[in-house]
Amino acid sequence: MILSYNGAKWHELFLPLIVAEAHTGYDVIVADNASTDDTLQYVQTNFPTVKTLRIEVNHGFANGYYEALKQIEAKYYILLSADFEVTHGWFPPLRAAMEAQPMLAACQPKIRYYRERDKFEYAGAGGGFMDKYGYLFCRGRIFFDIEKDHNQYDDDIEVFWASGGCFMVRADLYHKVGGLDNELYAHMEEVDLCWRLKNAGYKIGYVGSSTVYHVGGSVISYGSPQKLYYNFRNNLILLLKNEKSSKLVWLFPMRLVLDGVAGLRLLLKGDIKEMLIIVKAHFHCYRDIGKWLGRRRENKKLITTRNEEGIYRRSIVWDYFLLRRKLFTDLGWKPRALRDK
């Protein structure tokens, strides 16, 4: 399922190989998210084997998939952003991992950067993790440091979250836990979904033998005010919806302090607009706290045995900024192999 908004330029580049590889076992569907150009007509004319559907009103990235996947019956869904280039043989390793492990709810391939092809890509890289305070990072990308791929992450491991840019998930479990939360708009919605799946006892995986390339920043530009806003707002919402109560009672106030420090740092640098964006993100989270706590009550009904594999038990902020641990290997932490019990 490729969600597309005015994405004809990406389809011209990337759909030919996606369609050519479909013989390995998948159907291709383009969901047009209320494009204002001729994207849908372009796909229908140039790729007659691709199925299409149209969403009449664009309410964001997460909502586009939320609406589209309600219309599709399948054993697995692969959510693939329009600005992804696949490679020959990218699909079979993902399917093999899912087929071999019934408790594997979702997985991602290795994600490299389209423009600097020897590097990992910011959004997903070699699998996603979360530290003890709820901050997200990737193997191959910690904050501003992005590693080159020297085949150091070709293994299959269990992670905390898989990238929504190229995300394979069991369709029945996707719907069972409520799918993507369309209120998150366009950032961390896949982390929220992965957390719900893990709280239901399932695993999330990274499959290093499959590779795709991502252009990046086509939905929300990296470094943009919008990206900063959703980074802070949605991260707080993830905690409110999914974290266990015994931890949330101290973690949420702690995050208020830590995010305040981040805002003060921006203020001292003269980045007043960015500091105000953090304040706005917090305000909007608190304004709707009743709604998020309602979602939390719904999620609690699905909790069985929480799977906390992929949570880094230290502070990634402390390790990166103060201890100068820039690479994943500097952390001295080895994730569990995907096939380990």
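Author: Lys244 sits in the loop between helix H7 (225–242) and helix H8 (245–268), and Glu308 in the loop between helix H10 (289–300) and strand S14 (311–312), so the pair links parts of the chain 64 residues apart. This is a predicted model, where local features need pLDDT of at least 70 and side-chain atom pairs count only at pLDDT 80 or more, while totals for chains, interfaces and linings use all residues. Residues are numbered from 1 along each chain as its sequence is written, and side-chain values use heavy atoms, with hydrogens and water left out.

Reader: What counts as a salt bridge, and how many salt bridges does the count come to?

Author: The rule asks for a side-chain nitrogen of Lys or Arg within 4 Å of a carboxyl oxygen of Asp or Glu. It gives 30 salt bridges here. Helices (H or I, at least four residues) and strands (E, at least two) are DSSP runs, numbered from the N terminus.

Reader: Which parts does the salt bridge of Lys75 and Glu99 tie together?

Author: Their side chains meet at 2.8 Å, N to O. Lys75 lies in the loop between helix H3 (61–69) and strand S4 (76–81), and Glu99 in helix H4 (residues 91–100), so the bridge ties together parts 24 residues apart in sequence.

Reader: Is Lys75 buried or exposed?

Author: Relative accessible area decides: buried is under 20%, exposed over 50%, and partly exposed in between (1.4 Å probe, protein chains only). Lys75, at 52%, is exposed, whereas Glu99, at 43%, is partly exposed. In our opening pair, Lys244 is partly exposed at 29%, and Glu308 is partly exposed at 24%.

Reader: Which residues are linked in a network of salt bridges?

Author: Asp181, Glu183, Asp192, Arg196, Lys241, Lys291 and Arg295.

Reader: How should I read the packing of H8 and H9?

Author: Axes are lines fitted to C-alpha atoms, for helices over the stretch in contact, with angles from 0 to 180 degrees between N-to-C directions. The axes of H8 and helix H9 (residues 272–287) come within 7 Å and cross at roughly 160°. That makes the two helices roughly antiparallel, a label for angles over 145 degrees.

Reader: And which residues of H8 and H9 meet?

Author: Contact means heavy atoms within 4.5 Å. Among the residues that meet are Phe252 and Leu256 in H8, and Ile278 and Tyr286 in H9.

Methods
Parallel < 35°, antiparallel > 145°, perpendicular 65-115°, else oblique.
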